[in-house]
Amino acid sequence: MELLLDIGNSRSKARLYHAGTLTEIQLENINTEQWSQIKAVYCASVAAQTRVQQVRDQIPAAIPFVQIQSEAQAFNVTNSYLQPQLLGVDRWLALVAAAGLYPNTDLLIVDAGTALTVDWLSAEGMHGGGWILAGQKLQQEAVLSKTAKVFSAELETEQLSPATDTATALYQGAIAALVGAIRQAYAIKPTQRIILTGGDALLLQKYLADLPIQLESQLIFQGLARYIQPN
């Protein structure tokens, strides 16, 4: 059994990986018996190394700790960045996971979290570049931080339409920007599938029902799992 970690600036997500199955777990809830069964820890982080060290200090020192970095090429995926290590490791792992799940398929990979990232991946495994946008909450926070008379609310709606109050206008405007970006990406370079992951994936999916969307809620962890070394 292996422990997979996705370390962020404010919180970390963890999964136990055993026999091809991912199980959600809280790092602080891992008991002594479970620690004794964990053979290695595989970690991805977009946070500072001080944050990684804080998490590592919670792990028994005897367990191997492997921090994954973006690479120029691995698992038949070729990174398009001239400096491959500068591609966010979350984006790299999404590419690696998607290539394994959908081989020989042209893909558009969308990770809808704090930021929304969009990456193209060809059937041959070539990364075609991508985009980074502020996520829906970050967009709203940016407007709120610069205006005195605008306020927000969580107002999920079944469809996008012109709003008649400020809170709804701000919320729907942020969603419309993300939906529009995904549609524009698909229009520029259509693919066989659009892989949608991240915390806002379900929220965005309903506005993209006419596109070839495939939800993959654990894409980053599936990418990490490909790095597990056989015993």
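Okay, let's start with a distance: the centres of domain 1 and domain 2, taken over C-alpha atoms, are 25 Å apart. Keep in mind that this is a predicted model. As for where those domains sit in the chain, domain 1 covers 2-67 and domain 2 covers 73-224.

So how do the two meet? On the domain 1 side, 12 residues make contact, and they touch eight residues of domain 2. Together the domains bury about 790 Å² between them, and 75% of that is on carbon and sulfur atoms. What about salt bridges across this interface? The rule finds zero. For polar contact, it picks up one residue pair across the interface, with both residues at pLDDT 80 or more.

Now, which strands supply the side of domain 1 that touches domain 2? Strand 1 (2-7), strand 2 (12-18) and strand 4 (40-45) each give at least two residues. Strand 4 has the largest share, with four residues. By type, that side of domain 1 splits into eight nonpolar residues, one polar and three charged.

Last thing, a couple of backbone angles. Most residues other than glycine have a negative phi. Ala19 isn't a glycine, yet its phi is positive, about 50°. You'll find Ala19 in the loop between strand 2 and strand 3 (21-25). Is Ala19 buried or exposed? Exposed, because its relative accessibility is 71%, and the cut-off for exposed is over 50%.

Phe75 is another non-glycine with a positive phi, about 55° here. Phe75 sits in the loop between strand 6 (73-74) and strand 7 (77-78). With 29% relative accessibility, Phe75 counts as partly exposed.

Definitions and conventions
Residues numbered from 1 in each chain as written. Predicted model: local features only at pLDDT ≥ 70, side-chain atom pairs only at ≥ 80, totals over all residues. Heavy atoms only, no water. Domains from an automatic or database assignment. Contact = heavy atoms within 4.5 Å. Buried area = accessible area lost by both parts, 1.4 Å probe. Salt bridge = Lys/Arg side-chain N within 4 Å of Asp/Glu carboxyl O. Polar contact = N/O pair within 3.5 Å; in protein donor to acceptor, adjacent residues only side chain to side chain. Nonpolar A, V, L, I, M, F, W, Y, C, P; charged D, E, K, R; others polar. Buried < 20%, exposed > 50% of the residue type's maximum accessible area, 1.4 Å probe, protein only.
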